[in-house]
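This report goes through one structure with two chains, element by element. Please keep the sequence and the 3D view open while reading.

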Amino acid sequence: MSTQGRAGARWRRIRALVIKEARQLIRDPSSLVVGFVLPVLLLLLFGFGISFDATRVKVGLVIEAPSPDTAWFFASLSNTPFFEVHQTTDRRVFYDDLAAGRLNGLIALSGDFTERLARGDSAGVQVITDGSDPNTANLISGYVLGAWNSWIQQRALTAGQTTAAFITIEPRFWYNPELESRRFLVPGSIALILMMIGALLTALVVSREWERGTIEALLATPVGTVEFIIGKLVPNFLLGLCAMAVCILAALFVFHIPLRGSLIALIAFTSVFLIVALGIGLLISTVARTQFLASQIALLLAFLPGLYFSGFLFEVASMPAALRAFSAIVPAKYFVRGLQTIFLVGDVASVLVPCTLALLAMGAILFALTARNTRQRLD
Amino acid sequence: MTATWHVSASQGLAAMADPTTLVTIDALTKSFRTDGLPALSELTTSIKAGQVTGLVGPDGAGKTTLMRLMAGLMLPSAGRIEVCGFDTVTEAAAVHEVIGYMPQRFGLYEDLSVIENLTLYADLRGVVGQQRAETFDKLLVFTDLERFQPRLAGALSGGMKQKLGLACAMLKSPRLLLLDEPSVGVDPISRRELWKMVYTLIGEGVGVVWSTAYLDEAENCAEVIVLNEARALFQGDPKVMTASVVGRVFQVRGAIGDKRALLVAALKRPEVIDGVMQGATVRLVIGNDQTLPSKADLGAVEGSEVVSATPRFEDAFVAMLGGQPKRRLLLETRPQSTDNQSLPVTAKSLTKCFGSFTAADNISFDIKRGEIFGLLGPNGAGKSTVFKMMCGLLRLTSGSALVDGLDLMKSPSAARARLGYMAQKFSLYGDLSVSQNLDFFAGAYGLSGQKKRDAIKRVVAAFDLASQLQVNAGGLPLGFKQRLALSCAIMHEPPVLFLDEPTSGVDPLTRREFWSFINAMVARGITVMVTTHFMDEAEYCDRVALIYRGKNIAIGTPEELQNMVRTAELPHPTLEDAFIGLVHQHDGALT
């Protein structure tokens with residue numbers, strides 16, 4: 001057989017395997033669920049369900065001695081969208097509510113509040129929060145402090161006084177001025193979705209061949225390892241691109257996340273990550289021969305590290321040194337960093353180039369391991 | 001790849017010595033674990049072109065391992081294999097070019113259609129253009145799958161899947177065709193068709209290796225390799241092996257009275273090394289250089305006659321393994337039932353429709369106490385539907401099903417408590433030990449406290465499970481698995497026992513042992529219903545119903561069914577002949 005004929009036969013085999021795989025993907029409802037329904041579901045969950053922004057936090061305001069000043073402060077608290085304020089004169093009334101979680105915090109204005117305020121003393125404001133949810137507790141104390149500061153200033157202005165004594169901090173939040181957590185949660189969830197599709201689906205379709213015994217018939221034909229791998233990669237890569245399109249469209253038009261970088265950079269960068277995810281899936285498939293095992297390993301090796309170490313839900317910088325070091329080999333970390341940059345900042349080469357290089361290096365290692373470990377035989 | 005290839009001096013001396021030799025196997029050993037027993041040990045043999053070589057042996061004898069080694073899918077631990085002059089280790093790619101391989105379960109993509117499966121394998125094997133069109137035409141006619149091209153492979157019947165698997169394996173006219181247990185899960189009609197196809201192929205010079213646990217298939221092979229426990233017991237013409245028991249095979253027939261009692265009595269004689277039931281007759285094999293005991297010693301009654309019978313391959317196989325295990329079941333604790341009149345199982349006009357499709361159409365039968373009743377039928381004929389309705393697992397569209405007088409629809413749990421059920425694949429928990437399995441099933445049947453302990457003790461003693469109590473069920477030898485499954489099914493002492501293909505794919509020795517347990521239970525008044533498409537199992541039945549296309553097309557004793565197809569050309573029809581003949585008669589009556 002001539003070299004040309006041999007190459008032709010090889011291409012024919014690859015094409016046949018790609019077509020076969022694509023048909024199976026299209027006919028298998030579960031892969032369509034993973035490819036299209038899961039992205040939408042996860043995006044909705046992360047985009048709308050999870051939010052680190054406190055809106056309508058329930059607080060109890062204890063006013064031991066009511067006065068015009070306390071009423072004013074109450075009004076200024078209630079007028080923000082952040083608080084749902086309940087009022088009483090005896091703090092004990094609220095203790096049960098706080099314990100039961102019906103209130104997230106207490107703000108107590110002491111009996112001499114008005115007098116001390118008039119004297120210009122530090123007024124007695126006590127903030128008690130439910131420390132069992134530290135995130136909300138921090139938010140409340142922060143917000144109350146802010147509300148207090150702005151009220152004091154406003155009061156002084158109204159009274160015609162200047163408050164030069166106060167240090168005024170005027171925070172500016174760049175890139176995400178409204179501080180909407182959705183804006184960094186959505187790019188993060190895209191990373192998870194693509195990891196699921198790339199790693200889980202690929203591992204599943206290979207282990208399925210083992211489980212159903214079809215690989216035996218396939219291996220007894222002239223099909224080679226590389227052809228087999230390409231046959232699995234191409235359709236799953238295309239499905240990953242489709243899921244990516246769903247994600248990007250949802251990010252732009254449902255969640256109104258600004259795209260400050262270029263679409264080209266977004267697609268190119270995502271494709272690189274997708275290849276890494278596929279590589280993880282293929283590597284899993286070299287050891288897992290049942291779909292159950294494959295999905296367990298994919299969950300453990302791809303999904304969970306992506307969730308914990310990509311830095312979109314949990315701050316990696318505040319983790320112990322060992323975990324921080326581990327996060328260096330989590331592909332999702334680089335992808336989330338790059339993706340957040342493309343969406344919220346722009347095409348920043350100093351971020352994107354190192355991230356891309358890190359992902360490419362991981363991809364190369366994964367594929368090398370896969371090629372080495374993929375068995376041409378059954379034992 | 002063309003038909004000519006070069007054999008270098010180092011390659012295959014045997015192949016050069018005999019041009020018809022396709023495969024040369026030399027001192028082949030395969031171990032999966034370094035410490036464990038080998039799956040194949042020191043096997044030296046060869047396989048010739050233009051004939052069928054049978055790879056025969058019980059489950060776990062190493063048949064599949066040998067197939068995979070020949071296909072270059074596994075590496076030998078020691079020794080070497082050459083296929084068409086190519087070494088399977090160093091030249092696996094060349095081996096793949098010249099073989100066709102059909103693995104167990106046929107290796108089809110069930111979510112691809114018939115034609116898509118064919119196209120895939122044609123592309124993979126480089127069958128293109130005009131050659132492809134011609135091959136497809138030929139194969140689709142050959143396998144009679146033309147009408148089913150757009151159907152998904154997963155929606156085909158077992159027989160059609162098998163034919164499609166064969167078609168995919170033969171796309172590029174292989175020189176060597178490896179078929180791994182092609183007849184498992186396939187009814188006798190499809191099996192005969194497959195053999196016809198294979199004979200056509202060997203006429204074209206192809207070498208076929210056919211592995212099977214069914215010994216009747218060995219008789220169709222020009223040569224057999226009998227594997228047992230990793231070693232070849234016999235290689236050569238099956239007729240030679242069968243001839244080793246000539247003059248040692250007898251049939252007790254005529255008015256033999258209680259055939260089960262006769263079989264038990266006969267097997268007590270040391271001279272008798274094997275005995276099975278064949279419809280109304282009992283078949284006996286005596287040991288080498290032994291003489292047949294007298295009729296009285298055999299426990300045969302006056303009206304019976306003992307005649308010499310033509311040996312079968314299976315007789316020789318069992319004799320070669322030293323005869324059947326003569327284990328006796330200790331069911332003495334179970335009270336002997338004397339009631340022979342009542343009907344523990346009654347099916348009245350069972351009908352089941354799935355949408356517009358009638359899976360079971362007006363099927364009626366009664367089973368007497370102490371009777372073994374068989375539901376026979378090709379794949380997809382509706383026997384599983386009937387079986388599931390009788391177990392109370394499927395709702396009837398109309399009709400009624402009674403077990404021990406209780407209606408399965410009206411009082412399902414009370415009725416189900418009267419029956420024991422043993423599923424095809426035993427449905428044991430492989431990760432639990434034998435005693436844990438027993439404990440679980442006893443609990444599932446509602447036994448507790450002293451009753452449960454007694455029940456477990458009783459089956460452990462009866463089935464000799466004491467030595468294996470702490471072993472995980474998944475790691476048990478097949479025979480023990482079978483005993484454990486049976487123990488679990490009868491722990492609550494049901495008067496009725498339902499068996500779903502209990503010994504399909506099981507080697508002859510284990511099968512004999514199983515049926516000796518069943519016979520012992522039947523002798524004590526248990527009623528048995530069994531679904532099967534294996535004639536070996538059907539032979540143990542007192543009566544059978546032949547289910548075809550949802551209808552009960554024949555019912556009677558095995559002899560009655562055989563008589564229905566007796567003709568001048570076929571004076572001694574087997575039960576399989578009856579099965580096929582009656583199905584064809586029914587088809588003919590329809591058209």
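## A partly exposed valine

Val254 of chain A is partly exposed, because 14 other C-beta atoms lie within 10 Å, a count between the limit of 12 or fewer for exposed residues and that of 20 or more for buried ones. This is a predicted model. Val254(A) belongs to helix H9 (residues 225-254) of chain A. Between the C-alpha atoms of Val254(A) and Ser67(A) there are 47 Å, and along the chain the two residues are 187 residues apart.

## Chain A overall

Chain A contains 14 helices and four strands. Of its 379 residues, 37% are buried. Among contacts in chain A with a separation of 6 or more, 78% are between residues 24 or more positions apart.

## Where chain A meets chain B

The two chains touch through 22 residues of chain A and 25 residues of chain B. On the chain A side, helix H1 (3-27) and helix H8 (214-219) are the elements that give two or more residues. H1(A) supplies the largest share of that side, with eight residues. By class, the chain A side consists of nine nonpolar, four polar and nine charged residues.

## Domains of chain B

Chain B is split into domain 1 (13-241), domain 2 (244-320) and domain 3 (426-493). Taken over C-alpha atoms, the centres of domain 2 and domain 3 of chain B are 33 Å apart.

## The four-stranded sheet of chain B

One open sheet in chain B has four strands in the order E2-E1-E4-E5, and the pairing is antiparallel. Strand E2 (40-48) and strand E5 (86-87) of chain B each have a single partner strand, so one side of each has no neighbour in the sheet. Strand E1 (residues 21-30) of chain B is joined to E2(B) by six bridges, and the two run antiparallel. Opposite Ile25(B) stands Thr45(B) in E2(B).

Helix H2 (residues 63-70) of chain B packs on this sheet and touches E1, E2 and strand E4 (78-83) of chain B. The direction of H2(B) makes about 120° with that of E1(B).

## The six-stranded sheet of chain B

A second open sheet is formed by six strands of chain B in the order E6-E7-E8-E3-E9-E10, with mixed pairing. At its edges stand strand E6 (99-102) and strand E10 (231-236) of chain B; each has a single partner strand, so one side of each lacks a neighbour in the sheet. From one strand to the next, the twist averages 15°. Strand E7 (residues 176-180) and strand E8 (residues 207-212) of chain B run parallel and are joined by five bridges. Leu178(B) has Val209(B) in E8(B) as its bridge partner.

H2(B) also lies across strand E3 (52-56), E7, E8 and strand E9 (223-228) of chain B, at about 150° to E7(B).

## An enclosed helix in chain B

How many of the 11 residues of helix H4 (residues 114-124) of chain B are buried? Eight are, so H4(B) is largely enclosed by the rest of the structure. The buried residues of H4(B) include Val114(B), Asn117(B), Leu118(B) and Tyr121(B). Asp123(B) and Leu124(B) are also buried. Just after H4(B), Gly126(B) has a positive phi of about 70°.

Definitions and conventions
Residues numbered from 1 in each chain as written. Chains lettered and ligands numbered in written order. Predicted model: local features only at pLDDT ≥ 70, side-chain atom pairs only at ≥ 80, totals over all residues. Contact = placed C-beta atoms within 7 Å. Domains from an automatic or database assignment. Nonpolar A, V, L, I, M, F, W, Y, C, P; charged D, E, K, R; others polar. Pairing = 2+ DSSP bridges. Axes fitted to C-alpha atoms, helices over the stretch in contact; angles between N-to-C directions.
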